[in-house]
Amino acid sequence: MISIALENVSKSYQADTPVVKNVDLDIEPGEFVVIVGPSGCGKSTMMRMIAGLERISSGTLRIGGRVANDIPPQHRDIAMVFQNYALYPHLTVAENIGFSLEMRGVSKTERLRRVEVVAHLLQLSDYLHKKPKDLSGGQRQRVAMGRAIARDAKTYLMDEPLSNLDAELRSSMRAEIKHLHRQLKATMIYVTHDQVEALTLADRIAVMNKGVLQQFDTPEKIYDDPASLFVAGFIGSPPMNFIDAVCKEGLVKTIEGIRIPITCPPELEGSQVVIGLRPENGVLSTGDKRMAIEFPGEVMLIETTGSNRNIHAKTATGPLIVVAPRSAAIGLGDNVSIGYRTEDVFLFEKNTGKRIHLL
Amino acid sequence: MLVRFTPYAMVLPIVLCILAFTYWPILVSFDLSFRHWDFMSSDKPFVGLSNYSELVRSDEFWNSVTITLIFTAISVPLRLALAIAIARYLTTESKTVRALRGAFFLPAVTSSVAIAVIWSWIFSTDAGVANALLNNLGIAKVPWLQTPSLALWVIIIVNTWKQLGYDIVIYVAGLQAIPEDLYEAAKMDGGKRWHTFRRVTFPLVMPTTYFLLIVSVIESFQIFTIVDVMTQGGPAMSTDMMVNMLYRTGFTLFDVGKGSALAVLLFVFLVVLTVLKSRILGKRVHYEH
Amino acid sequence: MNTSGGVVLRSTAVAVGLLFLSPLLYGIWISFQTANRFFSGNGEMTLQNYVDAVEKMNFLRYLFNSLIVSGGVTILSLATSIMAAYAFSRFEFRGRDLIFGLVVATLMIPGHITLIPNYLNFARVGLLDTYAGLILPAVANGFATFFLRQYFRGIPRSLDEAAWMDGANAWKVLYRVIIPMSKPAIYAMGLFIFLGEWNSYVWPLIATDSPDMLTLQIGLARLYKMDAQEGLVNWPLVMAAATLTMLPVLLGFALVERHLVRGISMGAIK
């Protein structure tokens, strides 16, 4: 277990176009951190800088408190699982798993013993003498994991390790990784574009966009208290509803002129804002309006997700999605009203995307 | 990657080799070409351009230049014409065709000395196959390699036979790169075979032809081994190529200065050709894209 | 194509191929004839010419020398080219493009320009008539470096990176990942270098003199030239020597013909 800290770290391949901008990230020893964001947000670059596979353009990387910018990857005591697994095609499964031990000069008998233990843990014992090309996708993924955990690294990096698996395998591997983390008691940094992986695995999530760290917090806080328009839109499924509005006379007014009973901070008078409403917080009704804020509309589309249904409605302020229980008797074309409590409303500055905290 | 000195360590051996055995010697060659030396005496006086002027005024030099030019002017077009004529039939990828291409290519990778020796026998006056065949037609024995007007032709034949396979392989690659539909279009237009070749195939393999032209000219100017084994430049200097003269001047007559001057002249000429080649290759890349 | 057409095509191809190679084949055929049979047409087939070439003409020694020199050049060329190609394909370092340019440019430098200076330098340090003297000038191989660099570039970088993370350093990555994954290319290149050096003539001609240091090529050329000067060539013996000289190429050619052809077309077309 070891701490990892990025202090004001930036990376640019060409001058003026940084792919990672001034990131500060403090990872506690033994923590499971998921870096999440859309493709091209700089999350993989960040991981590769921690690994030592990319040079850090500016800023400081500390591993266990020690400046590590110039330590080559083989001396960082970090193990990594690659997105495409990067298994050595000319080596057997056992040789792949034992490779890192061999590089560290571990004796052959000890190596064999450790490989057996890892193989057993990952249910690979029957495949030890096969070559990677003879394995299924899921098995290869396991070998990649096995190669990383064969030695007791202090830190594990995982670069979208599950993205090449099918949905079923992915969820079972997710559970296994969580389990592994508890067993290994190591610091883990996991990169993904999948918010479900982020929410289920992480102790803390780092949300990245366009090279900038948007928020670094627990999954609950990220969901309940998003720091920016981007985080609010990226985390949550179905995604948060956004409505363009302006602050006028101390109140929020949609572009269409509908008044929302929320007080605007006085300094924002006249500026453009965005209202955010989580689909799962909305209450669907067909008759009388009972909530503080109501959006009357017509049902355009119904998606069944199993336990719930996603209702897509057309309202005066644009399309809204709301999650409704399956029991609700709603049909296409019905006139409905979607109600929200004032405390369920998120407000953001339109230009900066910054969250406006309501009193 | 955070590696500083390792890459230098990795390129060091080859860099030392090219500096010691290629680049440094080139400089030494230039230097020696301005000096007078016989390998033995302790001083190497600087004589300016006198080695060059002696060369340019000698019949021996112009003889070897002329012979090399004649050799090149005949053997290069001959090779290319034969190669494209044969390559046209060898573009398919069947086992038979590949084997035949291999047969044509074999001499190109076979020892020049062995080839020269075998052909010396074929053209030998008393025991050779060439004269035996002529004998069947009632023609008297011809001393091929002892006759100044014939020896160069023998050299041309042997060299063509050896190098043809290389040209064929390159032409086959060039021909295979021509899209099939161009031929089909020509066929649809009712093109006759020769017509199709002249109007479609030939222009499209033009880049290949340019490439081979220059490569084989460069190579022809450096011919040495076959001549050294078969005729040593004779009879009566009728096959004395430039590199053969260089070898004789430097290593038989020990005239280091003049030998180096000759080497420098040939070097400059060949480097110019090589630069020309990369120009044309550059153009070809354009043409393909 | 129908079968009779196929047969016609195949027999034509065989006939053309045999005709083209007939000088070579006939030469080899002669090497098995006694002098008597060669000159008069009646006599025996024999292996005596080979025995004579080896026993009386020192060809076993030449064969040994050629093996040492070609083998040495192959190993050292591969070693230097593999290391350099790996550095060129994987690392960014100051001067990389210039150094790569210098290495590849040796491909285009006509060999004759280095003959006299190399002879002088080698004479000065006493390397004439030694194996080192024969081997060293042929070690740097621009083509091998270029070719292997291209090949290494095709190996996914993530494999190197995985090895780095597993604790390997640059040398171990090369030795344990890059080289094992490039075996076919390295073998083909090795044979290519070996055959090229086997046939090499000019430098061994200049750099050797004592009968014990000659390579096959020089030995064969000397044997023939000496006979020819006297006007009496023992053709069957010379052909046996020539066949010995060609032997590894004839054997190796079958193995690598395809690689050779592909390599050569690639060199031309890029």
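Biologist: Which residues touch the most other members of the largest nonpolar core?
Modeller: In this predicted model, they are A:Leu6, A:Met46, B:Trp121, B:Met230, C:Phe59, C:Tyr86 and C:Leu220, within a core of 217 residues. A nonpolar core joins buried Ala, Val, Leu, Ile, Met, Phe, Trp, Tyr and Cys residues through side-chain atoms within 4.5 Å, buried being under 20% relative accessible area with a 1.4 Å probe, protein chains only.

Biologist: Which helix gives the most to this core?
Modeller: Helix H7 of chain B (residues 148-176) does, with 14 residues; helices are DSSP runs of H or I, at least four residues, numbered from the N terminus.

Biologist: How is chain A divided into domains?
Modeller: The domain assignment, automatic or from a database, gives domain 1 (4-234) and domain 2 (241-356). Their centres, taken over C-alpha atoms, are separated by 38 Å.

Biologist: What area do domain 1 and domain 2 of chain A bury between them?
Modeller: About 790 Å², 55% of it on carbon and sulfur atoms; this is the accessible area (1.4 Å probe) lost on putting the two parts together, summed over both.

Biologist: How many salt bridges are counted between domain 1 and domain 2 of chain A?
Modeller: The count is one, where a side-chain nitrogen of Lys or Arg must lie within 4 Å of a carboxyl oxygen of Asp or Glu. A:Arg355 and A:Asp225 meet through their side chains in a salt bridge at 2.6 Å, N to O.

Biologist: What conventions apply here?
Modeller: Residues are numbered from 1 along each chain as its sequence is written, and chains are lettered from A in the order in which they are written. Local features need pLDDT of at least 70, side-chain atom pairs count only at pLDDT 80 or more, totals for chains, interfaces and linings use all residues, and side-chain values use heavy atoms, without hydrogens and water.

Conventions. Buried means under 20% relative accessible area, exposed over 50%, partly exposed in between (1.4 Å probe, protein chains only). Helices (H or I, at least four residues) and strands (E, at least two) are DSSP runs, numbered from the N terminus.
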